[in-house]
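Please look over the chain shown below before reading on; the briefing that follows takes up its core, its fold and its surface.

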Amino acid sequence: MGYTDQRFDVNLSILFTELPLLERPAAAAAAGFTAVELWWPWIDTATPEQSELDALKKALEDAGTQLVGLNFYAGQLPGPDRGALSVPGDESDRFRANIEVAADFAASVGCKALNALYGNRVEGVDPQIQDTLALENLVLAARAADRIGAILLVETLNKPESPLYPLVSAPSAIEVIDKVNAATGLGNAKFLLDIYHLSMNGEDVSRVIAEYAAKTGHVQIADNPGRGAPGTGDLPLEQLLDELNKAGYEGWIGLEYKAADAAASFEWLPAEARPAR
């Protein structure tokens with residue numbers, strides 16, 4: 001049980017960041033992994049040149065890595081932003097311009113999960129206006145994901161690190177997911193269950209797993225405190241992943257933790273458990 005019967009992928013937007021983007025898939029492969037995920041890699045544009053998309057596709061393929069998760073455009077991330085889809089004006093426009101670009105790229109590399117970060121509350125804007133805009137944009141994103149046979153993910157972040165982000169509990173994200181599915185009738189909006197963020201919010205992670213495993217489309221992990229590799233903090237990550245297994249979750253576990261030396265940070269995971277199964 002534990003780590004050896006999970007399917008892990010490496011988040012290349014938080015690990016191997018000392019390398020240029022196009023060298024990271026090969027670094028993950030050299031560490032023994034065959035699956036990776038990414039935040040939207042072009043923080044300055046929602047609509048990069050086709051040549052940039054092609055270069056990333058080639059880097060993934062040359063390394064023999066499968067992209068299993070991709071964020072839609074989310075503003076300056078890493079940075080002050082936490083998504084764009086609920087931010088009226090230019091940011092919402094950029095998100096909409098990105099929807100088909102991200103979906104087409106995901107389709108081109110066989111990626112079946114697209115994560116839509118909700119966006120921060122904006123001073124002076126009625127939260128209800130933001131939530132109405134968010135639902136409109138999430139419906140568009142869910143339809144685009146469905147077109148390529150993918151799921152749409154909605155994520156809970158944590159209040160200490162993202163104080164302006166409104167989805168800082170599992171129920172708050174689930175409520176949005178249920179609204180999106182009711183609006184589209186597609187049922188492809190799912191929960192991105194990030195164990196680190198939930199624990200930072202003081203939530204009972206075991207209870208969240210028991211309640212929402214059936215609505216969960218992707219899982220991410222980091223230890224707490226510190227957001228480091230498993231074993232660097234005091235979260236019972238192995239036990240929690242066992243609970244996910246028992247609750248019927250069979251999807252990916254994204255390694256979304258910080259490490260000064262990514263290659264050295266995987267010692268907690270036996271080499272034979274790193275390739276995707």
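**Core, fold and surface of a predicted model**

The largest nonpolar core holds 88 residues, and those with the most contacts inside it are Phe 8, Phe 16, Ile 195, Ile 221 and Leu 255; such a core is a set of buried Ala, Val, Leu, Ile, Met, Phe, Trp, Tyr and Cys residues joined through side-chain atoms within 4.5 Å. Helix H3 (residues 90-109) gives the most to this core, with seven residues. This is a predicted model, in which local features need pLDDT of at least 70 and side-chain atom pairs count only at pLDDT 80 or more, while totals for chains, interfaces and linings use all residues. Residues are numbered from 1 along each chain as its sequence is written, and side-chain values use heavy atoms, with hydrogens and water left out.

**Packing**

- Leaving aside residues up to four places away in sequence, Phe 8 touches residues including Phe 33, Ile 221, Trp 252, Leu 255 and Trp 268, where contact means heavy atoms within 4.5 Å.
- Of the 277 residues in the chain, 55% are buried, that is, under 20% relative accessible area with a 1.4 Å probe, counting protein chains only.

**Fold**

- The chain comes to eight helices and eight strands, taken as DSSP runs (H or I, at least four residues, for helices; E, at least two, for strands) numbered from the N terminus.
- Among contacts with a separation of 6 or more, 76% join residues 24 or more positions apart.
- The C-alpha atoms fill a box of roughly 50 × 45 × 30 Å along the principal axes.

**Surface**

- The chain exposes about 11,200 Å², of which carbon and sulfur atoms supply 52%, with areas from the Shrake-Rupley method and a 1.4 Å probe.

Note on methods:
Buried means under 20% relative accessible area, exposed over 50%, partly exposed in between (1.4 Å probe, protein chains only).
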